[in-house]
Amino acid sequence: MLGDLRVQEMPRAGGGRSYTIVRPDATVEDEADAFLRLFDGRGTQRTYAYFLVDHLRWRFREGLATEGIGLRDLQRYMGAVGAKVQFPFGLPWRLPPKRPYSASALEVAAACLKGFYLHHCAGGGVNDGLRSALVAGRLPTQADRSRAFLGHTLTSMPANPLAPRRRGQRHPKMLPDGTRGDLLERVNTARDAMVVTWLSDTSMRIGALTGLHLMDLHLRERAACGECEDPHLHVCHRRNNPNRAAAKIKPDWWLRDGVVTGGEIVRVSPAMISSYFAYMTTEYAALATGHGILLIQLSGPRRGEPWSADAARGMLRRAGRRAGLPGRIRPQAFRHTFTNAVLEASGGDPFVAKAAGNWASAAMVDQVYGHPDLHSPQFTAALSAVWGEEG
């Protein structure tokens, strides 16, 4: 990509990284940089940078510029990268080995393009036709009214004419039955066993797990933070982790008298504590370093350095293959499986599942996970009662 537009990563002096787009001669692409600066310090900047550089490469091939591009051109681009459009869009843009964007990726690309062109059309006073086309609206749904303060007064909601038609909520992919036991039999180290246990017993994302520091762990009752009497840990968003792992959510946290407070508080199970001490007293103790991050590399030239989220994903994938589990074992599936299990154990109470899984909304938990088991005795009994087949 040295002869084309490319994404440039820039380490920051205070930790973290920023992203921009540069031309083949290593000069900054001004339009892209001005837009990406709006998201400095957020993970959105990196995501938008890679979606935007793909679009700018396509735009260069088509001979288009911000001043003359139209809504139809942007819709052609969306069709070229995988969206379903009802008119010819020209040559496909993402050719093998690249794959067309998935439905979720198309939504992100649409949001990125709308923000990019509205930023320049409105701020620079150019291409009023495109700006008017992008500032579209739609009628509010009942869900919109429920979420909004004084929702009964809503008359319009913003819409994105580039976004694909939204489909119904898919049920999230769960782990195959018995995954936890099968993986624990196939992992090779105490660290890997701890990762499987901690993902199974919490709703942590893999970035949060690999970004944990030892000071975040309060694995005893009535810890000094005073925020939870039971054993727990604090998930703290840090931009300057050497393994580039970071928690997705960013609640405020503090270090007071050497004790971490705030962040996202996660209760831990006895099995998690046992696996932690098995790892710390064997593998970690032999390779302890001064970086303070919990998960470390156990072999290779970088032994003792922080372990990355990608390496953890690869470990789960290989362990799942060795165990003969169907499909690819992904960290997100542990989160879905944990939430679904808590929802079932609580009798379908979404507020309990929300609190246990640190979800943002009980309504979302109920919508995504509150599906009846079509093979459960309760479901069968209810149908039999309606059909008049009670014994």
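User: In this predicted model, which helices do the buried residues of α13 pack against?
Analyst: In the predicted model, the buried residues of α13 are Pro350, Ala353 and Gly357. Seen down the axis of α13, these residues fall within an arc of 60 degrees, so they line one face of the helix. The helices that the buried residues of α13 pack against are α12 and α14.

User: Which exposed residues does α13 carry on the face turned away from its buried side?
Analyst: A residue counts as exposed when its relative accessible area is over 50%. On the face of α13 that is turned away from the buried side, the residues that are exposed are Phe351 and Ala355.

User: Within what arc do the buried residues of helix α14 fall, seen down its axis?
Analyst: Helix α14, which spans residues 362–369, has Ala362, Val365, Val368 and Tyr369 as its buried residues. They line one face of the helix, because the arc within which they fall, seen down the axis of α14, is one of 135 degrees.

User: What do the buried residues of α14 pack against, and which exposed residues are on the face turned away from them?
Analyst: The buried residues of α14 pack against α12 (331–345) and α13 (350–357). The face of α14 turned away from its buried side carries, as exposed residues, Ala363 and Gln367.

User: Which residue of β9 is the bridge partner of Leu233?
Analyst: Strand β6, residues 232–235, is joined to β9 by four bridges, and the two strands run antiparallel. In β9, which covers residues 264–267, Glu264 and Val266 form the covered face, while Ile265 and Arg267 form the uncovered one. In a regular strand the side chains alternate between the two faces of the sheet. The bridge partner of Leu233 in β9 is Val266.

User: Is Val386, a member of a nonpolar surface patch, buried or exposed?
Analyst: Leu383, Val386 and Trp387 make a nonpolar surface patch of about 340 Å², and the place of Val386 is in helix α15, residues 377–386. The relative accessible area of Val386 is 69%, and the cut-off for the exposed class is over 50%. Val386 is therefore exposed.

User: What is the omega of the cis peptide bond that joins Pro96 and Pro97?
Analyst: Pro97 is found in the loop between α3 (71–80) and α4 (103–124). Most residues other than glycine have a negative phi, and most peptide bonds are trans. The bond that joins Pro96 and Pro97 is a cis peptide bond, with an omega of about 10 degrees.

User: How is Arg244, which has a positive phi, classed by its relative accessibility?
Analyst: Arg244 lies in the loop between β6 and β7 (253–256), and its phi is positive, at about 65 degrees, although the residue is not a glycine. The relative accessibility of Arg244 is 43%, so this residue counts as partly exposed.

User: What is the relative accessible area of Asp257?
Analyst: Asp257 is found in the loop between β7 and β8 (259–262), where it has a positive phi of about 55 degrees although it is not a glycine. Asp257 is exposed, and its relative accessible area is 83%.

User: What percentage of the residues in the protein chain is buried?
Analyst: The secondary structure of the protein chain comes to 15 helices and nine strands, and its C-alpha atoms fill a box of roughly 70 × 65 × 45 Å along the principal axes. The chain exposes about 21700 Å², of which carbon and sulfur atoms supply 53%. Of the 391 residues in the protein chain, the buried ones make up 42%.

Note on methods:
Residues numbered from 1 in each chain as written. Predicted model: local features only at pLDDT ≥ 70, side-chain atom pairs only at ≥ 80, totals over all residues. Heavy atoms only, no water. Buried < 20%, exposed > 50% of the residue type's maximum accessible area, 1.4 Å probe, protein only. Pairing = 2+ DSSP bridges. Arc of directions from axis to C-beta. Contact = heavy atoms within 4.5 Å. Patch = residues over 30% accessible without salt bridge, like charges linked within 9 Å, V, L, I, M, F, W, Y side chains within 5 Å. Areas by Shrake-Rupley, 256 points an atom, 1.4 Å probe, with all protein chains shown as cover. Salt bridge = Lys/Arg side-chain N within 4 Å of Asp/Glu carboxyl O.
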